[in-house]
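I opened the model and kept notes as I went. The entries follow in the order of looking.

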Amino acid sequence: MLSTGIGRLRAAGMLEGLSFIILLFVAMPLKYGLGIDMAVTIVGAAHGGLFILYMLAVLFVWIQRRWPVPRAMIAAVVSVIPFGPFVFDRSLQKEEKLGTAPGNAIGL
């Protein structure tokens with residue numbers, strides 16, 4: 001999986017998406033419900049690093065695979081939507097299997 005740009009993007013997307021879910025549904029309730037500020041500090045820092053890693057992976061694949069701009073923008077935007085990277089991963093699986101981007105109008 002990590003031997004291709006798409007594979008690395010998929011892995012980064014899974015980690016980034018998981019960190020976002022943990023931040024939203026575990027760390028933030030701990031902070032605002034129980035007053036444990038450190039949860040958001042730790043998970044937020046990890047999520048920030050993984051977000052940067054994901055964006056670098058998107059940039060790399062965009063250049064390497066010559067993605068159209070709308071597809072790269074969609075790849076970037078899904079990272080700020082809860083569960084977005086998991087949904088986008090299905091399209092990446094198809095692209096990895098076929099060797100080309102799926103041919104639909106919006107580039108998903």
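I asked what covers the buried residues of α2. The cover includes α1, α3 and α4. Helices here are DSSP runs of H or I with at least four residues, strands are runs of E with at least two, and both are numbered from the N terminus. Buried means under 20% relative accessible area, exposed over 50%, and partly exposed in between, with a 1.4 Å probe and protein chains only. Contact means heavy atoms within 4.5 Å. I listed the buried residues of α2 as Ala39, Val43, His47, Tyr54, Ala57, Val58 and Val61.

Provenance next. This is a predicted model, where local features need pLDDT of at least 70 and side-chain atom pairs count only at pLDDT 80 or more, while totals for chains, interfaces and linings use all residues. Residues are numbered from 1 along each chain as its sequence is written, and side-chain values use heavy atoms, without hydrogens and water.

Then I checked the length of α2.

I moved to Ser19, in helix α1 (residues 5-34). Is Ser19 buried or exposed? Ser19 counts as buried because its relative accessibility is 9%. Its side chain makes a polar contact with the side chain of His47, at 2.8 Å. A polar contact is a pair of N or O atoms within 3.5 Å; within protein, one must be able to donate a hydrogen and the other to accept it, and residues adjacent in sequence count only if both atoms are side-chain atoms. A polar atom of the Ser19 side chain also lies 2.8 Å from the backbone oxygen of Glu16. Leaving aside neighbours within four places in sequence, Ser19 is in contact with Val43, His47 and Leu50. Val43 and His47 are among the buried residues of α2.

Backbone angles came next. Most residues other than glycine have a negative phi. Arg66, not a glycine, has a positive phi of about 55°. Arg66 sits in the loop between α2 (37-65) and α3 (69-77). With a relative accessible area of 75%, Arg66 is exposed. Phe83 also is not a glycine and has a positive phi, about 70°. Phe83 is in the loop between α3 and α4 (84-98). Phe83 counts as partly exposed, at 45% relative accessibility.

Last, the whole chain. I found 4 helices and 0 strands. Buried residues make up 34% of the 108 residues.
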